[in-house]
2 protein chains.
Amino acid sequence: MEIPDSIRCEFEERGGIDGITKLLPGDQRIKDITSIARALSDPVRLRVMLALCMQPMCVCLLVSMTGYAYSKMSYHLSVLKDCGLVCARQEGNYLIYYPTDPGRKIVEWIEGWW
Amino acid sequence: MEIPDSIRCEFEERGGIDGITKLLPGDQRIKDITSIARALSDPVRLRVMLALCMQPMCVCLLVSMTGYAYSKMSYHLSVLKDCGLVCARQEGNYLIYYPTDPGRKIVEWIEGWW
DNA sequence: CCAATGTTTCAAAGAGGCTTGAAATCTTGG
DNA sequence: CCAAGATTTCAAGCCTCTTTGAAACATTGG
């Protein structure tokens with residue numbers, strides 16, 4: 001295995017392939033991160049997430065705001081919920097969705113970034 | 001359109017559906033964010049991205065570290081590159097990939113988060 | 001120029017995510 | 001209990017992303 005000169009030195013100081021591999025996160029952590037990234041990788045869900053951070057809303061409001069079908073909205077909300085970005089409380093006949101604490105922090109970071 | 005009592009007041013103070021919709025980011029910004037989220041939503045790419053933040057590497061090193069085919073690695077690197085998370089410099093026969101400044105900041109934030 | 005190595009491109013197959021409408025579930029008011 | 005509205009579940013089709021191997025391209029050394 002050849003290694004270009006410009007990186008060989010520092011590469012070997014870091015313990016080579018083994019050294020770097022050992023510092024990488026384990027499967028569970030990778031899964032946690034990728035599931036959140038995937039949740040935010042769809043324009044529908046990102047907009048819903050941003051909207052919920054401004055204002056908790058029931059599904060019917062989200063449907064009314066976006067024009068999407070209930071089943072579509074429900075699917076996307078379930079993705080956001082399964083990775084821990086949002087949760088919901090029941091009020092009478094309504095389910096009101098709102099961001100979790102981690103969800104809100106992530107959104108605030110994104111908003112501050114761009 | 002019925003609105004549950006617990007949110008009607010604050011919902012209307014925010015200008016209702018129109019008020020909230022107007023504060024949401026435009027299409028281009030949504031696209032920028034979702035493309036980065038999508039890039040980090042695949043375990044292969046997330047690991048490669050984290051590894052490159054420890055140590056710039058040529059493709060052959062990444063291939064050797066992961067056991068993936070060249071074409072597979074190349075595909076994932078192109079996704080990371082297209083959304084601006086990594087870039088590459090040529091050295092002789094090698095292409096050495098490394099994180100962009102924004103790419104590094106995002107990874108550092110992720111690492112600090114979890 | 002040729003051979004060897006590193007890397008990307010391409011097309012086809014495979015896998016997984018998204019959309020859709022209908023049906024099922026749940027809650028409340030009568 | 002029944003009817004109405006809110007929400008979820010389900011299965012099917014569709015579409016996009018990922019994987020794979022072969023071929024093409026690029027760079028270096030001889």
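What rotation, with what shift along its axis, superposes chain A on chain B? In this predicted model, a rotation of 180 degrees with 0.0 Å of shift does so, with an RMSD of 0.1 Å; copies are superposed by least squares on the C-alpha atoms of residues with pLDDT of at least 70 in both. That is the relation of a two-fold axis. Within chain A, Ala37(A) has the C-alpha nearest the axis, at 2.3 Å. Both copies use the same surface, as 100% of the contact residues of chain A recur in chain B, contact meaning heavy atoms within 4.5 Å.

The model is predicted: local features need pLDDT of at least 70 and side-chain atom pairs count only at pLDDT 80 or more, while totals for chains, interfaces and linings use all residues. Side-chain values use heavy atoms, without hydrogens and water.

**Helix 7 of chain B**

Helix 7 of chain B (residues 101-113) has 13 residues and reaches 18 Å from its first C-alpha to its last, close to the 18 Å expected at 1.5 Å a residue. The expected span is 1.5 Å times one less than the number of residues, and helices (H or I, at least four residues) and strands (E, at least two) are DSSP runs numbered from the N terminus. Gly103(B), Ile106(B), Val107(B) and Ile110(B) are buried in this helix. They cover an arc of only 95 degrees around the axis, which puts them on the same side of helix 7 of chain B; the arc is that of the directions from the helix axis to the C-beta atoms. On the other side, Asp101(B) and Gly112(B) are exposed. Buried means under 20% relative accessible area and exposed over 50%, with partly exposed in between (1.4 Å probe, protein chains only). The cover over the buried residues includes helix 3 (27-39) and helix 7 (101-113) of chain A, together with helix 3 (27-39) and helix 4 (43-54) of chain B.

**DNA strand C**

DNA strand C is surrounded by 20 residues, the closest being Tyr75(A), His76(A), Cys60(B), Asn93(B) and Tyr97(B); a residue is near the strand if one of its heavy atoms lies within 4 Å of it. The table gives distances between atoms of the protein and of DNA strand C.

| Protein atom | Atom of DNA strand C | Distance |
|---|---|---|
| Lys72(A), polar side-chain atom | phosphate oxygen | 3.4 Å |
| Val59(B), backbone N or O atom | phosphate oxygen | 3.3 Å |
| Asn93(B), side-chain N or O atom | base oxygen | 2.8 Å |

Helix 6 of chain A gives the most to the surface near DNA strand C, with four residues.

Key
Residues are numbered from 1 along each chain as its sequence is written. Chains are lettered from A and ligands numbered from 1 in the order in which they are written. A polar contact is a pair of N or O atoms within 3.5 Å; within protein, one must be able to donate a hydrogen and the other to accept it, and residues adjacent in sequence count only if both atoms are side-chain atoms.
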